[in-house]
Amino acid sequence: LISVKAPLPLVTCCTGSSLVGHDFSGGIAGGIEICITFPTEYVKTQLQLDEKANPPKYKGIADCVKQTVNSHGVRGLYRGLSSLLYGSIPKAAVRFGMFEFLSNKMRDESGKLDSRRGFLCGLGAGVAEAVVVVCPMETVKVKFIHDQTSANPKYKGFFHGVREIIRSQGLKGTYQGLTATVLKQGSNQAIRFYVMTSLRNWYKGGDPNKAINPLLTGLFGAVAGATSVFGNTPLDVIKTRMQGLEAHKYKSTMDCAVKIMKHEGPMAFYKGTVPRLGRVCLDVAIVFIIYEEVIKVLNMVWKTD
């Protein structure tokens, strides 16, 4: 096991103000990141919803972008942004806040957090964000994007769409694919925080106070993001299918996986991998850079330890 000092500042104690600082920093980072990377998320989702049996509407990434822009203009690539923007801020806040809360509980008597415990803290953070924020946020996003492919889109905007979903399906309509979402987000954050912790430890060597350049933090984040993409894209595909407008075809997470395998083959589980890879690498890199820079500012004006 790799033994490391806490990978992020402001984690030497689990005070209320410290956790608020992490929540605030994570929220800012999450909001900025999604505005930058959303078009790649849109393309990924469309490709994952595109079933072979229909037949496929898109020939690939470039064709998806071309058809969307031709039909809806550049703004079409931002369909569903509102749901992720409203959700990304609390999602990042819950993720980093929960990670710091758990890591402060799991450090040894010298204040160190080894890689195994970092993995478990990341897992806990991912499950928390999935249940509290990500599942309803992703369900609304997928339905909005899927709705745009309809001949007559029925959702006029974020609040109108949410109202229509709840009116026709009840509150549970915003919690479709919960099991797949928990599995995806839990594995996402477990892998990412494990990789980030390991890379930080490798770079710092025996000097826990060694500063890390923001660009290097971004590079470490991109590596962590790429690792999570290759590790759990099949779960992401299943989650997307179970949250789309055709979700009624699936009885459960397992039933969805079986039907995808039966009708489309194993490669269908990796639909949207390339745009997801681009989006997630940017996502994790940007979030960690902004998060740490905001924490530095807060450390200067808001002492918490």
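In what follows, Ala, Val, Leu, Ile, Met, Phe, Trp, Tyr, Cys and Pro count as nonpolar, Asp, Glu, Lys and Arg as charged, and the others, Gly among them, as polar. The model is predicted, so local features need pLDDT of at least 70 and side-chain atom pairs count only at pLDDT 80 or more, while totals for chains, interfaces and linings use all residues. Residues are numbered from 1 along each chain as its sequence is written, and side-chain values use heavy atoms, with hydrogens and water left out.

The protein chain contains nine helices and two strands, in the order β-α-α-α-β-α-α-α-α-α-α along the sequence. Helices (H or I, at least four residues) and strands (E, at least two) are DSSP runs, numbered from the N terminus. Of its 305 residues, 53% count as buried, meaning under 20% relative accessible area.

Two packed helices are described by the angle between their axes and the distance between the axes. Axes are lines fitted to C-alpha atoms, for helices over the stretch in contact, and angles run from 0 to 180 degrees between N-to-C directions.

| Helix pair | Angle | Axis distance |
|---|---|---|
| H6 (residues 178–204) and H7 (residues 214–243) | about 170° | 8 Å |
| H3 and H4 | roughly 160° | within 8 Å |

H6 is therefore roughly antiparallel to H7, a term for angles over 145 degrees. The contact of H6 with H7 has 14 nonpolar, 10 polar and five charged residues. H3 and H4 are likewise roughly antiparallel to each other, and their contact has 16 nonpolar, seven polar and six charged residues.

The structure has four cavities of 30 Å³ or more. A cavity is a set of points, on a 1 Å grid over the protein atoms alone, where a 1.4 Å probe fits but cannot get out; lining residues have an atom within 4 Å of a point. Grid points are joined across faces, edges and corners, and a volume is the space filled by probe spheres set on the points. The largest cavity holds about 120 Å³. Its lining has 15 residues, of which Lys91, Lys184, Gln185, Asn188 and Arg279 are the closest to its centre. By class, the lining has three nonpolar, two polar and 10 charged residues. H1 (16–49), H3 (81–106), H4 (115–148), H6 and H9 (273–301) each supply at least two of the lining residues.

Asp255 lies in helix H8 (residues 253–264). Asp255 is buried, at a relative accessible area of 17%. Ile238 is 17 residues from Asp255 in sequence and 9.8 Å away in space, C-alpha to C-alpha.

Terms used: Parallel < 35°, antiparallel > 145°, perpendicular 65-115°, else oblique. 1 Å grid on protein atoms, 1.4 Å probe; cavity = no way out; pocket = protein on both sides within 12 Å on 5 of 7 lines; lining within 4 Å. Buried < 20%, exposed > 50% of the residue type's maximum accessible area, 1.4 Å probe, protein only.
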